[in-house]
Amino acid sequence: MSMPNWDKIDAVKLREYSLMSDIYLSRLSIHRDALGCRDTKCQDENHILHTKNLYNSICKCFTDASKNVLGISKSGKFNCKPGFNDYVKELHDVARKRFVAWREANKPRDHNNPFFREMTVSRAKFKLALRFIKRHENQIRQDAIADALCDDSDGNFWKEIKKMSPNNIPLPTSIDAATGKEEVVHLWEITLKKPS
Ligand SMILES: [Zn+2]
């Protein structure tokens with residue numbers, strides 16, 4: 001499935017996306033029995049069906065929210081590669097035009113033919129740029145975040161990032177009968193060491 005180009009989406013749109021997702025998620029109907037079932041090898045048909053449905057509905061909430069807030073590009077696809085628009089798009093457009101011109105010139109294969117030469121040169125440039133963004137994907141993503149932070153005079157972007165940080169989610173104070181950090185850790189130790 002195609003994905004939105006997340007590194008190109010500004011803080012305002014991200015906030016809208018988050019709100020939209022909340023709205024869709026709040027409309028889900030939840031089957032309490034299925035969700036409350038603790039049997040990891042559960043074979044109850046109803047539980048399985050409701051859990052599958054819930055999973056699909058949750059996914060649909062997020063894709064609907066992204067379609068709604070972020071829109072879909074003209075080709076009907078999101079462009080998922082970070083840096084594509086900055087580094088590759090123009091070269092890709094040129095390569096496509098040169099290819100069409102070459103095809104319309106009846107696909108000459110002589111190296112001295114200008115149509116053939118322009119087509120192969122533009123394609124090589126495009127492929128080089130594509131390889132560049134694939135190799136530097138992490139750096140390009142980080143640059144996009146850094147750019148957003150620099151543009152962020154009112155600090156909204158940073159606030160959003162902080163909201164997304166998992167440190168802000170409060171930890172449960174008790175799991176089963178264990179209460180407090182040490183007891184919970186101990187419980188995990190026992191659970192993980194248990195042969196399955
Ligand atoms: Zn069950």
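pLDDT is the predictor's confidence in each residue, running from 0 to 100. Keep that in mind, since what you have open is a predicted model: local features need pLDDT of at least 70, side-chain atom pairs count only at pLDDT 80 or more, and totals for chains, interfaces and linings use all residues. Residues are numbered from 1 along each chain as its sequence is written.

**Stop 1: the whole chain.** Color by pLDDT. The mean for the protein chain is 77, and 67% of its residues reach 70 or more. Now switch to cartoon: there are eight helices and two strands, taken as DSSP runs (helices are H or I, at least four residues; strands are E, at least two) and numbered from the N terminus. From that end, the order reads α-α-α-α-α-α-α-β-β-α.

Select strand β1, residues 174–175, which has the lowest mean pLDDT among the elements, 54. Then pick α5 (114–135), where the mean is the highest, 92.

**Stop 2: α1 against α3.** Select residues 11–26 (α1) and 45–70 (α3). How do their axes cross? They come within 9 Å and cross at roughly 140 degrees, with axes fitted to C-alpha atoms over the stretch in contact and angles running from 0 to 180 degrees between N-to-C directions. That makes α1 oblique to α3 (under 35 degrees is roughly parallel, over 145 roughly antiparallel, 65 to 115 roughly perpendicular, and the rest oblique). The crossing of α1 and α3 is right-handed, meaning the near helix is turned clockwise from the far one by less than a right angle.

Show side chains here. On α1, pick K13, E16, Y17, M20, S21, Y24 and L25; they meet C61, F62, D64, A65, S66, N68, V69 and L70 of α3. Contact means that C-beta atoms, placed from the backbone, lie within 7 Å. The residues of this contact divide into nine nonpolar, three polar and three charged (Ala, Val, Leu, Ile, Met, Phe, Trp, Tyr, Cys and Pro are nonpolar; Asp, Glu, Lys and Arg charged; the others, Gly among them, polar).

**Stop 3: the loop from α4 to α5.** Select N106, in the loop between α4 (84–104) and α5. N106 has a positive phi of about 65 degrees, although it is not a glycine. Move on to K107, in the loop between α4 and α5; its phi is positive too, near 50 degrees.

Is N106 buried or exposed? N106 is exposed, with 7 other C-beta atoms within 10 Å. K107 is exposed with 12. The cut-offs are 20 or more other C-beta atoms within 10 Å for buried, 12 or fewer for exposed, and partly exposed in between.

Definitions and conventions:
Two residues are in contact if their C-beta atoms, placed from the backbone, lie within 7 Å.
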